[in-house]
Amino acid sequence: MPPTLRTERLLLEPYISEDEEGFVALFQDTRVSKWMGDGTASEAADRALFGRIFTKVYAQDLFDVWAVRRDGLLVGHAEIKPNDVVGGHEIIYALAPTAWGAGLGTELAEAIVTYGFDALKLTRVYATVDPANVASLALLDGIGFEHVRDIKEDDGSTTHVLARRLTETAFEISHCDCIYRP
């Protein structure tokens, strides 16, 4: 199970079974899911994915996956996990459109990166982003990610691979108000 992380306005904690409807709603919202993995999946596939968080990811301690809450409400999803394609750990995050525009994405991404550097002792953290997802590209640029290469996908599209290295500056940034509790 992942530890609980706290930021100024967000709580990242392990999912509970009662989160299923909120998880499915988040992943069924095409404004969110078009940027996730292979895009919008069926509701049944998203329910199965939610189930695998418990039966596989948490049960086998594969990687860290969090429910993201603000004021007690599920507003997003976050992960940090190994990715062989990028050659390191990748952050994944999604927020419900109701949480957009308030700087919560930056707060969320920074919390995951901080956890990667501090708790997982990583020296580099990656993100993969569709070039059309300008909001995510701007967010990641703003917290120190740099474009390192492109991946040509099977469907002919391109995915940007971004990375942020642990540096003295990143170390100072990582010791913000983001608290992780092992």
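**Aromatic groups, helices and cores**

Analyst: In this predicted model, one aromatic cluster is made up of Tyr15, Phe23, Phe27, Phe50, Phe54 and Tyr58.

User: How many aromatic pairs does a search of the whole structure find, and what is the geometry between Phe50 and Phe54?

Analyst: The search over the whole structure gives 7 aromatic pairs. One of them joins Phe50 and Phe54, whose ring centres are 5.2 Å apart and whose planes make an angle of 70°. Since planes over 60 degrees apart count as edge-to-face, the pair of Phe50 and Phe54 is edge-to-face.

User: Where do Phe50 and Phe54 lie, and is Phe54 buried or partly exposed?

Analyst: Both residues belong to helix H3 (residues 43-58), where a separation of 4 residues amounts to about one turn of the helix. Phe50 has a relative accessibility of 4% and therefore counts as buried. Phe54 has a relative accessibility of 27%, so its class is partly exposed.

User: Trp66 and Tyr115 form an aromatic pair as well; how many residues apart in sequence are the parts that this pair ties together?

Analyst: The pair of Trp66 and Tyr115 is edge-to-face, with 5.2 Å centre to centre and 90° between the planes. Trp66 is buried at 0% relative accessibility, and Tyr115 is buried too, with a relative accessible area of 6%. Because Trp66 lies in strand S3 (residues 64-70) and Tyr115 in helix H4 (residues 104-118), the parts that the pair ties together are separated in sequence by 49 residues.

User: Which residues of helix H1 are buried, and what do they pack against?

Analyst: In H1 (residues 20-28), the buried residues are Phe23, Val24, Leu26 and Phe27. Seen down the axis of H1, these residues fall within an arc of 160°, so they line one face of the helix. The buried residues of H1 pack against helix H2 (30-33), H3, strand S4 (73-83) and strand S5 (88-95).

User: For helix H5, which residues are exposed on the side opposite its buried residues?

Analyst: The buried residues of H5 are Ser136, Leu137, Leu139 and Leu140. They cover an arc of only 165° around the axis, which places them on the same side of H5, and what covers them includes S5, H4, S6 and strand S8 (158-165). On the other side of H5, the exposed residues are Val134, Ala135, Asp141 and Gly142.

User: Which element gives the most residues to the largest nonpolar core?

Analyst: The largest nonpolar core has 29 residues, of which Leu12, Ile91, Leu108, Ile112, Leu140 and Phe145 touch the most other members. Two or more residues of this core come from each of S3, S4, S5, H4, strand S6 (124-129) and helix H5 (134-142). The element that gives the most, with 7 residues, is H4.

User: Where is Val86 placed, and which residues does it touch beyond four places in sequence?

Analyst: Val86 sits in the loop between S4 and S5. Not counting residues up to four places away in sequence, Val86 touches Tyr126, Thr128, Arg149 and Val161.

User: What is the length of the polar contact between the side chains of Asp29 and Arg31?

Analyst: Asp29 is located in the loop between H1 and H2, and at 17% relative accessibility this residue counts as buried. The polar contact that joins the side chains of Asp29 and Arg31 is 2.8 Å.

User: What is the radius of gyration of the protein chain?

Analyst: The protein chain contains 6 helices and 9 strands. For 182 residues the globule rule gives 16 Å, and the value for this chain is close to that, so the chain is as compact as a globular protein of that length. The radius of gyration of the protein chain is 15 Å.

Conventions. Residues numbered from 1 in each chain as written. Predicted model: local features only at pLDDT ≥ 70, side-chain atom pairs only at ≥ 80, totals over all residues. Heavy atoms only, no water. Phe/Tyr/Trp six-rings, centres within 6.5 Å; stacked < 30°, edge-to-face > 60°. Buried < 20%, exposed > 50% of the residue type's maximum accessible area, 1.4 Å probe, protein only. Arc of directions from axis to C-beta. Contact = heavy atoms within 4.5 Å. Core = buried A, V, L, I, M, F, W, Y, C linked by side-chain atoms within 4.5 Å. Polar contact = N/O pair within 3.5 Å; in protein donor to acceptor, adjacent residues only side chain to side chain. Rg over C-alpha atoms; globule rule 2.2 N^0.38 Å.
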